[in-house]
Amino acid sequence: MSQSDREHFESYRPQTLAKHTILKNYITAYFQILKQDEERIYYVDGFAGRGTYTADDGSPVPGSPRHALDLIASNPELAAKVRTIFIEQDDKLFAQLEATFQSFYDEHPNVHEPHLANGTFSSEMTAILDSWKKRGVAIAPMFVFVDPCGVDGVDFAVIQRLLQSQRKCEVFLFLNVEGVRRILGLRQNMGETLVRLLGSEARVAELARIVDSASTTSEREEAIIRYYEDLMREYTPGKYVVSFRVEKEERRTTSHCLVHVAQHPRGFAIMKDVMWSVGKTSEGKGGLLFEQASYSTIVMLFRPEWDSIKASVLEELRSGPRRVAYFYEELVQKPASRLCRTAYRTALLELEREGEVLVLASDGRTPAPKRPARKGEMTLGEQYYVKRP
Ligand SMILES: C[S@@+](CC[C@H](N)C(=O)[O-])C[C@H]1O[C@@H](n2cnc3c(N)ncnc32)[C@H](O)[C@@H]1O
């Protein structure tokens, strides 16, 4: 195991905070929804790390295992229903992870004892699935976090099997776009890493051809992200795929994407909202992007991304009034949609202020009654209608 995997935990970077915020906020919703119908739910941390990070001031910061356990322990119903699997390959980090658990259990004996495995995500997960199959164990819904430092160790076949094993299984994955681009550049000497990531040599060759034919770095990055998303949609039951792009700290290129693969439109819609609220762009509207090198707090005169979102809303209203629920529920659940409820609400409210949109009552004809404000902002419930003036 490389030294850099261990060094990874010695600083807590803004992009790691963003990743943990998305993870925490999403699994909170996932567990809350699933616990209504399920007796058993799994949280799988396939690249668990040591359990904590060290901040620049030397203080400990929770890693993903701690975030998940804190959430589970905080709610008696979750403590009773959610079981955990933590896999870590590196011996030293694994020993630290075990120590993290020990102190956690001393304080929270109410949670299920986790399955801790010192091995690779691929071999440990395969062994678990094989043993469940052999024993005829019905597979419970699983949220699987696949969070390597690099590209190595992410196994398409295992991810496919997990998604196929249970229709409420979801995967949240760190796709190291920069790493994939670098390995593709090695040509004949790429090794097995990408074959495992994509599932076959033919796919690696196909992606290499697509990336070769792109003329700019951003086109190459886009090609890698789209290829991986399409692979999930085409060859797994995960038809709802969304990626959150993270820019490098010191260069205006993509470091990685956080890819969420779900089989249900509700999880997809919730994840987009969660990601959107963590998104950071110079346009200041949130989004599925975390700018770092190019981030600026200077107020932008032009906001091309945001203006195109508003234009798409007006386009939807060309044929007549629409219920707000059409934007909040119907459009956001379309597999190709990259927008979420928050984006639509913000766009509709801004268009209303600009006189481009009128809000109607729930009968779709009369003007809306006075609407309540929340946190200083006008609300826009899904029962209203909106139309062009
Ligand atoms: C980015 S860190 C994980 C951080 C952790 N998920 C968190 O947020 O606190 C990646 C971890 O995966 C481990 N690792 C690398 N390859 C692995 C593999 N094939 N299977 C399991 N763990 C692996 C590394 O040792 C490292 O601790």
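A word on conventions before I start: residues are numbered from 1 along each chain as its sequence is written, and side-chain values use heavy atoms, with hydrogens and water left out. Since the model is predicted, local features need pLDDT of at least 70 and side-chain atom pairs count only at pLDDT 80 or more, whereas totals for chains, interfaces and linings use all residues.

Let me begin with the domains, whose bounds come from an automatic or database domain assignment. The protein chain is divided into domain 1, residues 3–290, and domain 2, residues 304–387, and their centres, taken over C-alpha atoms, are 33 Å apart. To the contact, meaning heavy atoms within 4.5 Å, domain 1 brings 16 residues and domain 2 brings 17 residues.

How much area do domain 1 and domain 2 bury between them? The figure is about 1300 Å², with 54% of it on carbon and sulfur atoms; buried area here is the accessible area, with a 1.4 Å probe, that two parts lose on being put together, summed over both. On the side of domain 1, W276, E283 and K285 supply 39% of the area buried against domain 2, more than any other three residues.

By class, the side of domain 1 that touches domain 2 has six nonpolar, one polar and nine charged residues, where Ala, Val, Leu, Ile, Met, Phe, Trp, Tyr, Cys and Pro count as nonpolar, Asp, Glu, Lys and Arg as charged, and the others, Gly among them, as polar.

An oxygen atom of the ligand is 2.7 Å from an N or O atom in the side chain of H20, and for the side chain of E88 the corresponding distance is 2.6 Å.

Finally, a search of the whole structure finds 23 salt bridges, including one between E39 and K81 at 3.7 Å, N to O.

How values were computed
Polar contact = N/O pair within 3.5 Å; in protein donor to acceptor, adjacent residues only side chain to side chain. Salt bridge = Lys/Arg side-chain N within 4 Å of Asp/Glu carboxyl O.
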